Amino acid sequence: MEDLDPTYLQAPEHISAPNVLPNQPEEVNVIDLSRLEDPEDVQNVISEIGEACEKWGFFQVINHGVPCDTRQRVEKTAKKFFDLPMEEKVKVKRDEKNPVGYHDGEHTKSVRDLKEVFDSYFKDPMVIPSSTDLEDDSLSLLYNKWPQFPSDLREACEEYARHAEKLAFKLLELISLSLGLPKERFHDFFKEQMSFLRINHYPPCPRPDLTLAHNPHKDIVVLTILAQDEVGGLQVSRRSDGVWFPVKPVPNALVINMGNCFEVLNILDYVILLYTTFKILAIIINEYYYTTKMI
């Protein structure tokens, strides 16, 4: 069997934690958003989202309005990109000045993740402060880095991002209503935002007993919309007791993750309930893809 690069080696307690219960009957909620079309069922959907946020900080949605063919197109074109020789992929590699593009050296908690990614901003160019100095009012422009091949990767990503952004604002409205707040309570926070699309490629792992594809962590954004393929591997830590549960792939579903930045919004009811820890297992046979949209 092929050896594993030592930079990927994970602490043993993270690989075979005693609090992993993969066969537990309890699962992260799957919520059908088409029920919102029934006025008598709207409040039930809102309540279910609120309960999922309190218990998990995660839930899955189906009939969410993001076309399946749009997502499949991203996955298809992304595979063509990740299959390119490394000398081609690094032509659009991220650098110190611009954090979008290709990258294969991401670390979580000082351990290298077994994956490669391609990132792009929703806005192109993206306007950001030139420095962290509060006295500096100057701005910088960052442009997405698109490869020459596949030539349709940009179009595929931008189309998917438009649909995902609509879903994100709908979810923010439902979460706001679950807190007893006005539907558009969060909208003003995102007039000037830095949403980005990330495509994660997890290659087959020769020693999944020694590493994780993505180490345990919490997202630092407000909301993550995750497209998990049929291979699976995502696990979520239940907030009440730290027990790890698999998030089983559901055809055409999207996984919703509440990030740490909800704390910054100072919503007292959920401030210590929304965000949760998750990790992604390494898989010995299959390669797999996760497409994420973050705001």
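In the predicted model, Phe 82 has a relative accessibility of 4% and therefore counts as buried, the limit being under 20%. Phe 81, at 1% relative accessibility, is likewise counted as buried. The rings of Phe 81 and Phe 82 form an edge-to-face aromatic pair, with 5.4 Å centre to centre and 65° between the planes. A further pair, formed by Phe 118 and Trp 146, is tilted, with 5.7 Å centre to centre and 45° between the planes. Phe 118 belongs to strand E6 (residues 116-121), whereas Trp 146 is in the loop between strand E8 (139-142) and helix H5 (153-178), so this pair ties together parts that are 28 residues apart in sequence. Both Phe 118 and Trp 146 are buried. Together with Tyr 102, the residues Phe 81, Phe 82, Phe 118 and Trp 146 make up one aromatic cluster. The count of aromatic pairs comes to eight.

Two cis peptide bonds involving proline are described here. One runs from Asp 124 to Pro 125, with omega near 10°; Pro 125 lies in the loop between E6 and strand E7 (126-129). The other joins Phe 149 and Pro 150, with omega about -5°. Pro 150 is located in the loop between E8 and H5.

Positive phi values occur at two asparagines, Asn 63 and Asn 252. For Asn 63, phi is near 50°, and the residue is placed in the loop between strand E2 (58-62) and helix H3 (68-82). For Asn 252, phi is about 65°. Asn 252 lies in the loop between strand E13 (244-246) and strand E14 (254-258) and is partly exposed, with a relative accessible area of 42%.

Conventions: Residues numbered from 1 in each chain as written. Predicted model: local features only at pLDDT ≥ 70, side-chain atom pairs only at ≥ 80, totals over all residues. Heavy atoms only, no water. Phe/Tyr/Trp six-rings, centres within 6.5 Å; stacked < 30°, edge-to-face > 60°. Buried < 20%, exposed > 50% of the residue type's maximum accessible area, 1.4 Å probe, protein only. Helix = DSSP H or I, 4+ residues; strand = E, 2+ residues; numbered from the N terminus.
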